[in-house]
Amino acid sequence: MDICAVAKKEVPKIYKSPQFRYKENIVKKHIEITVLSMLSDRPMSGYDIIKEIFARYDVLVSQGTIYSLLYTLKDEGILQVRFTKGDLREKIYSCTQEGKQVVDKRIAEFIDADEYFLNSIKKFGHDV
Amino acid sequence: MFKNSINGLNELFKGDCDIPAGSVILVSGIEGGLKSGMVFNMMSNYLADNNEHGLYASLEETKESHLRNMESLGIKKLDRLHIFDYKDMRFESNNEELDIDKITEDMIDFYREKYENLTVFALDSLNAFYSISTWENLRKNMYHFFTMLRDKDLTSFLIMETCSPEKQVFVGSTNYAEQPEYFLADGIIELGVIEAKENVKRYIQIRKMRTANHSMEKHQITVGKDGISILGSVY
């Protein structure tokens, strides 16, 4: 997949719908938890992460955001890097032992906050 | 205060004048003029004295190689000085055209959101930035890029390599009219080399600094175990 070509394509109508915009906002707002949950599942490169997010959510996240996030999480000791076999250029990111605990904690906190929010909406009589 | 970030830099400014916060400064000069070292040293020392964050975006070198070079110049890296290395995305995206100005803006936005007091930014280098960009109208796009940096209230240092006089004979003369960054920048700091009969001296000169009263003289630069220092006038 050519990420830049996808970004430059004319936006189909479905991507302009409020539902899509809402989904896009959620993914972009929670990009750290999204990436961490993906990396706790399997190690990936920055480019693979962008492709995976696009495949899962139809949302294209900027390389400027994803690589910045990976660099800061690595500096914080949450992620570690290894290189692809035989190629010292492609960096594959995975969670460190300490990082896995942080990821589990953050995902649990995120689910708690999400449930609290959804329940508060339900209280006002809306079906969720 | 940036003028206190390098030993002797204050001598180039008059009175209380300094590099104005939020301005876009072009740091230009020939290869080996210590452009990267000067900017990194200024940022590192400035951040050490202020509880702020900085972002150094490198298109020329990997983070590891850049840090090795800085260490060899006696320049320390602070935890609050973040380095963004474009190399990974350039390699992984293979032959795709990169929307480099959008990527750069998203990168800055990410760090600003993560660290509220991100105040200083550096791009190393504009030449590499141009070589990747798909801009058709350089002047117009540069204007938007400079405006974006000012709108984000960052003091920005844009490093640009220029040809040495002897190379210009082969490459073509420097035509400032084709280089919009010289007009758009709030300040221009030039770093270069002067070859005298018996020795070679590196120098720094403030060519332009809007709203600041400054010396136009070329001052000598030296490198010691604690980084870069600026001495008196070359002549």
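Q: Let's say two residues are in contact if their C-beta atoms, placed from the backbone, lie within 7 Å. Which residues of α5(A) meet which residues of α4(B)?
A: On the α5(A) side there are A:Gln63, A:Gly64, A:Thr65, A:Ser68, A:Leu69 and A:Thr72, and they meet B:Ile103, B:Thr104, B:Glu105, B:Asp106, B:Met107, B:Phe110, B:Tyr111 and B:Lys114 in α4(B). Helices (H or I, at least four residues) and strands (E, at least two) are DSSP runs, numbered from the N terminus.

Q: And what am I looking at, and how is it numbered?
A: This is a predicted model, in which local features need pLDDT of at least 70 and side-chain atom pairs count only at pLDDT 80 or more, while totals for chains, interfaces and linings use all residues. Residues are numbered from 1 along each chain as its sequence is written, with chains lettered from A and ligands numbered from 1 in the order in which they are written.

Q: Back to that helix pair: at what angle do α5(A) and α4(B) pack?
A: About 45°, with axes 7 Å apart; axes are lines fitted to C-alpha atoms, for helices over the stretch in contact, and angles run from 0 to 180 degrees between N-to-C directions. That makes α5(A) oblique to α4(B), because under 35 degrees counts as roughly parallel, over 145 as roughly antiparallel, 65 to 115 as roughly perpendicular and the rest as oblique.

Q: What sort of residues make up the contact of α5(A) with α4(B)?
A: They divide into 5 nonpolar, 6 polar and 3 charged. Here Ala, Val, Leu, Ile, Met, Phe, Trp, Tyr, Cys and Pro count as nonpolar, Asp, Glu, Lys and Arg as charged, and the others, Gly among them, as polar.

Q: Zooming out, how many residues does each chain bring to the contact?
A: Chain A brings 19 residues and chain B brings 19 residues. On the chain A side, α1 (3-8), α4 (46-57) and α5 (63-75) give two or more residues. α5(A) gives the most there, with 8 residues.

Q: How do α4(A) and α5(A) pack?
A: Their angle is about 125° and their axes are 10 Å apart, so α4(A) and α5(A) are oblique to each other too. A:Gly46, A:Ile49 and A:Ile50 of α4(A) make the contact with A:Gln63, A:Ile66, A:Tyr67 and A:Leu70 of α5(A). That set holds 5 nonpolar, 2 polar and no charged residues.

Q: New topic: is α2(A) enclosed or in the open?
A: It lies largely in the open, because 0 of its 12 residues are buried. Buried takes 20 or more other C-beta atoms within 10 Å of a residue's own, exposed takes 12 or fewer, and partly exposed is in between, with C-beta atoms placed from the backbone.

Q: What about α1(B)?
A: There 13 of the 15 residues are buried, so α1(B) is largely enclosed by the rest of the structure.

Q: Where's B:Thr211, and is it buried or exposed?
A: B:Thr211 is in the loop between β7 (200-209) and β8 (219-224) of chain B, and it counts as exposed, with 11 C-beta neighbours inside 10 Å.
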